[in-house]
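Have the sequence and the 3D view open as you read.

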Amino acid sequence: MKHIGLVLSGGMGKGAYQIGALTALNEFFYPSDFEYVSAASIGVLNTYAYLTGNLKKAYDIWESVNLQGDKKFITSVLKSSFLQDIITNIISEVEIPNSFYVPLLDLANKELNYYNLSDVPHSKMEQYLRASISMPLYNHGVTVGSKILYDGAVIDNIPIFPVLKKELDYVICIYFDHLNYVFENNAWDSKIIKLTFPDNKFISNSVNINHESILNMMEEGYKRTKRILSAVFSDGVDNFDTVYQRINEINSVNSKKVTRLTGDVIVTNMNKILKKFIRNKRILEGGVWYE
């Protein structure tokens, strides 16, 4: 019996790649096959749609959007109805069949915590989803209980740590950096299937959400994921010897290796974001806004 995990990073407009990737993933797994799942920012919404059987709804929303990027793009998108429309259309009473961790930032207490959305009652799910895409400096935080929470991707954009803590046979990790991250250590890293989507339009695809780029990214996300997973699982999803061999082959091709220690990343990014808030009193005050 296989024990597997799934991780999706944040990436703003590049989340369209994830829609294609998750569509391909459906050809190899059921959502319930993943015992432990983690995602950040736009990856949270895409993953939630996948886990609750609403991937087609998310696909339709991405396909229909056509926001032209400019210098004020991030502000215009984060303050538009685009992300809220996704939440409104994918919110479901279907229970999440997995442990699903989401990093959320509590600025007032200077804490980053990973919340398990499978423990969240349906009545509060929308609040957590909204918090997951509420970016500091651009959005008000979302009040959840006694805390005001923000998108934790500003601290941990590839939230693999909660999944790596589990004893899993392998993990599928979708992110957008061109680097071949060695996550934590070689022993763990040798069990991670990395689906990355580096391209020559990294910035523009992150901040441009127009119809043509969305369609291209969803198509590429599907094709690349289907191609890689077909090779990795050529002898089946339960043949671990072949899976590990294919992972090592993929890792050997990309020479741009950088060790990524989750704890170091969190501490460094937390210090950076707090310094930004201290320099901007208006935003610092935003950390205690209520909605």
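Let's start with a lysine that's tucked away: Lys194 is buried, at a relative accessible area of 7%. Buried here means under 20% relative accessible area, exposed means over 50%, and partly exposed is in between (1.4 Å probe, protein chains only). Lys194 has a partner, Asp189, and the two form a salt bridge with their closest N and O atoms 2.9 Å apart. Asp189 counts as buried too, with 5% relative accessibility.

A quick word on where this comes from: it's a predicted model, in which local features need pLDDT of at least 70 and side-chain atom pairs count only at pLDDT 80 or more, while totals for chains, interfaces and linings use all residues. Residues are numbered from 1 along each chain as its sequence is written, and side-chain values use heavy atoms, with hydrogens and water left out.

**Salt bridges**

Side chains of opposite charge can pair when their charged atoms come close. The rule used asks for a side-chain nitrogen of Lys or Arg within 4 Å of a carboxyl oxygen of Asp or Glu, and by that rule the count comes to six salt bridges. Among them are these:

| Pair | Closest N and O atoms |
|---|---|
| Lys194 and Asp189 | 2.9 Å |
| Glu27 and Lys226 | 3.0 Å |
| Arg246 and Glu249 | 3.7 Å |

What does the bridge between Glu27 and Lys226 tie together? Glu27 sits in the loop between helix 1 and strand 2 (34–39), and Lys226 in helix 10 (residues 211–232), so the pair links parts that are 199 residues apart in sequence. Helices (H or I, at least four residues) and strands (E, at least two) are DSSP runs, numbered from the N terminus. Glu27 is partly exposed at 42% relative accessibility, and Lys226 is partly exposed at 28%.

Arg246 and Glu249 both belong to helix 11 (residues 240–253), three residues apart, or about one turn of the helix. Arg246 is partly exposed with a relative accessible area of 21%, and Glu249 is partly exposed with 37%.

Is helix 1 enclosed or open? Of its 11 residues (15–25), 10 are buried, so helix 1 is largely enclosed by the rest of the structure. The buried ones include Tyr17, Ile19, Leu22 and Leu25. Met12 is in the loop between strand 1 (4–8) and helix 1, and Met12 is partly exposed, with a relative accessible area of 29%.

Most residues other than glycine have a negative phi. Met12 has a positive one, near 50°, without being a glycine.

**Around helix 8**

Glu184 isn't a glycine either, yet its phi is positive, about 70°. Glu184 lies in the loop between strand 8 (180–183) and helix 8. Asn186 is part of helix 8 (residues 186–189) and is exposed, with a relative accessible area of 61%. The C-alpha atoms of Asn186 and Thr259 are 9.3 Å apart, although 73 residues separate the two along the chain.

**The whole protein**

Zooming out, the protein has 13 helices and 10 strands, and 52% of its 291 residues count as buried. Taking a contact as heavy atoms within 4.5 Å, residues 24 or more positions apart account for 73% of the contacts with a separation of 6 or more.
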